[in-house]
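Visitor: Could you walk me through this model, one question at a time?

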Amino acid sequence: MTLHLKKVELHCHLEGAAPPELTAAQARKYGVDISGELRGGAYVWHDFASFLECYDKVSEVYRTEEDYARLTETYLDELAGINTIYSELIVSPDHGKRIGLGADAYISGICEGIRRAREKSGIEARLIVTGERHFGPESVIGAAEYAAKAGNPLITGFNLAGEERMGRVADYARAFDIARDAGLGLTIHAGEVCGAFSVADALDAVHPSRIGHGVRAVEDVDLVKRLADLGTVLEVCPGSNIALGVFPDFASHPLRRLKEAGVRVTISSDDPPFFHTSLAREYELAAEAFGFSDAEIDAMTRTAIEAAFVDEETRKALLARL
Ligand SMILES: Nc1ncnc2[nH]cnc12
Ligand SMILES: [Zn+2]
């Protein structure tokens with residue numbers, strides 16, 4: 001049992017955490033037919049591309065500041081209920097723009113959700129603004145400019161998500177330059193759908209302190225050593241990887257191999273209800289499927305705090321809570 005362990009999550013897409021029941025209620029409220037994406041209480045997709053389409057469609061039923069406040073509060077309450085002390089939420093102002101809400105109101109609703117949750121449980125949260133590769137390089141630069149100029153103390157990181165097979169990381173390097181110059185922490189989805197070359201690309205073009213997933217780095221021993229030597233932190237999401245068929249089963253998932261090779265690894269849930277998982281289940285899997293002891297799991301949680309995009313005072317406070 002891992003319920004008693006303190007938890008930290010560095011990699012969860014906010015709309016990807018939308019509970020199916022809440023999404024169904026939202027769709028009813030706005031008269032949207034979501035039956036193609038949500039059936040029998042479960043999100044419907046069959047491969048990575050259709051997952052991204054489903055994700056974008058589900059996002060469209062969250063339309064107001066209050067919708068986003070409720071979504072954020074609901075997820076953070078769930079995390080707090082399983083002993084989570086810190087969460088980084090990946091958010092996409094582009095989604096706010098696409099539904100006509102606008103980026104500012106989108107972020108402001110999310111910040112209100114964080115405030116409400118923190119007031120109840122003390123959970124800390126920060127936002128990582130993401131660009132989506134499948135919306136194109138210009139839109140990713142726009143997301144970076146937004147994050148850089150927002151002047152919002154809860155926005156502390158920048159990410160690149162979406163269709164990994166679209167373009168090379170270098171095509172998006174300008175967006176990361178903007179985010180870096182603004183003092184934001186950098187992380188990037190790589191080595192999830194594409195192979196080791198994609199992780200090497202990310203290291204070469206962006207030099208991020210963290211990589212989202214990165215698990216397919218295991219296909220290249222020299223790259224694994226490079227990650228270990230650099231101290232790059234991987235945000236590993238085993239349940240997501242299995243659901244998307246990146247690996248056939250947990251026995252062949254490389255989490256333990258990467259850790260034993262000296263790579264700094266952490267555990268997250270990615271898009272929990274889409275992948276029939278939760279942060280609680282990911283921690284359980286760490287114990288049951290990967291055989292990690294409580295002390296080893298705590299060490300990964302400590303790594304997550306060390307790599308969190310927070311000021312040093314907050315980091316110290318989180319380490320003290322652990
Ligand atoms: N697992 C994932 N990979 C890339 N982009 C995403 N957007 C939401 N979830 C994602
Ligand atoms: Zn992700």
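Visitor: Where is the place of Asp-270?

Guide: The model is predicted, so local features need pLDDT of at least 70 and side-chain atom pairs count only at pLDDT 80 or more, while totals for chains, interfaces and linings use all residues. Residues are numbered from 1 along each chain as its sequence is written, and side-chain values use heavy atoms, with hydrogens and water left out. With helices (H or I, at least four residues) and strands (E, at least two) taken as DSSP runs numbered from the N terminus, Asp-270 falls in the loop between β10 (264-267) and α12 (279-288).

Visitor: Is Asp-270 buried or exposed?

Guide: Buried means under 20% relative accessible area, exposed over 50% and partly exposed in between, using a 1.4 Å probe and protein chains only. Asp-270, whose phi is near 70°, a positive value in a residue other than glycine, has 2% relative accessibility and therefore counts as buried.

Visitor: Is His-276 buried or exposed?

Guide: His-276 also has its place in the loop between β10 and α12, and its phi is near 50°, a positive value in a residue other than glycine. With a relative accessible area of 55%, His-276 is exposed.

Visitor: How far does a polar side-chain atom of Asp-270 lie from a nitrogen atom of ligand 1?

Guide: A polar contact is a pair of N or O atoms within 3.5 Å; within protein, one must be able to donate a hydrogen and the other to accept it, and residues adjacent in sequence count only if both atoms are side-chain atoms. For His-13, the distance from a polar side-chain atom to a nitrogen atom of ligand 1 is 3.4 Å. For Asp-270, the corresponding distance to a nitrogen atom of ligand 1 is 2.7 Å.

Definitions and conventions. Chains are lettered from A and ligands numbered from 1 in the order in which they are written.
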